[in-house]
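Thanks for coming. I have one structure to go through today, and I will keep it short. Please look at it on the screen.

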Amino acid sequence: MTFASNSFDPLRGYPFGKGVAERLLLRLSILQVLKNCFDERGERTPEGHALYQKHFTGEKAWFSDSSDTEKARYESDLTFAHPAEAEEWIFCTWHAKVKTPQLRVHFSWPIRAEEPLYIVYVGPKITKR
């Protein structure tokens, strides 16, 4: 994983909470494991498929894409400076969720073997209705 230099800036001023920090770290660790779940052909491994099914699908999934409505309404808020390419931007609608407080980790998608996984935002939910 590659973190944007300012990815944690939105958390400034938030009080530290051990449980919240643990939940954030758990979601980041799942992203790291999933990033490493590819075979020599660049195909997701059975472990990667299991992680995807467990954490990226279903009603209580820890990871999801923003809705089409949110993508349109919050397009500029979900577009971040590219961590590795100066003057470029990256649209990161996929996110990890922490419920209490409502925090999000926005990252590049899809996760592929041959491309970096960028973490561009860790902070309060952007798409509040």
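Is Arg-112 buried, partly exposed or exposed? Arg-112 is partly exposed, at a relative accessible area of 35%. Keep in mind that this is a predicted model.

Arg-112 has a partner, Glu-115: the two form a salt bridge, with 3.1 Å between the closest N and O atoms. Glu-115 is partly exposed as well, at 33% relative accessibility.

Asp-65 pairs with Lys-71 through their side chains, with an N to O distance of 2.7 Å. Asp-65 is partly exposed, with a relative accessible area of 28%. Then there is the salt bridge between Arg-41 and Asp-39, at 3.5 Å from N to O. Here Arg-41 is exposed, at 62% relative accessibility, while Asp-39 counts as partly exposed at 22%.

Now the backbone. Two cis peptide bonds to point out. One runs from Thr-100 to Pro-101, with omega near -5 degrees. Pro-101 sits in the loop that links strand E5, residues 94–98, to strand E6, residues 103–107. The other joins Trp-109 to Pro-110, and its omega is about 0 degrees. Pro-110 belongs to the loop between E6 and strand E7, which covers 118–124.

Last, Glu-87. What is its phi? Phi of Glu-87 is near 70 degrees, which is positive, in a residue other than glycine. Glu-87 lies in the loop between strand E3 (79–81) and strand E4 (89–91), and it counts as exposed because its relative accessibility is 77%, with the cut-off at over 50%.

That is it from me.

Notes:
Residues numbered from 1 in each chain as written. Predicted model: local features only at pLDDT ≥ 70, side-chain atom pairs only at ≥ 80, totals over all residues. Heavy atoms only, no water. Helix = DSSP H or I, 4+ residues; strand = E, 2+ residues; numbered from the N terminus. Buried < 20%, exposed > 50% of the residue type's maximum accessible area, 1.4 Å probe, protein only. Salt bridge = Lys/Arg side-chain N within 4 Å of Asp/Glu carboxyl O.
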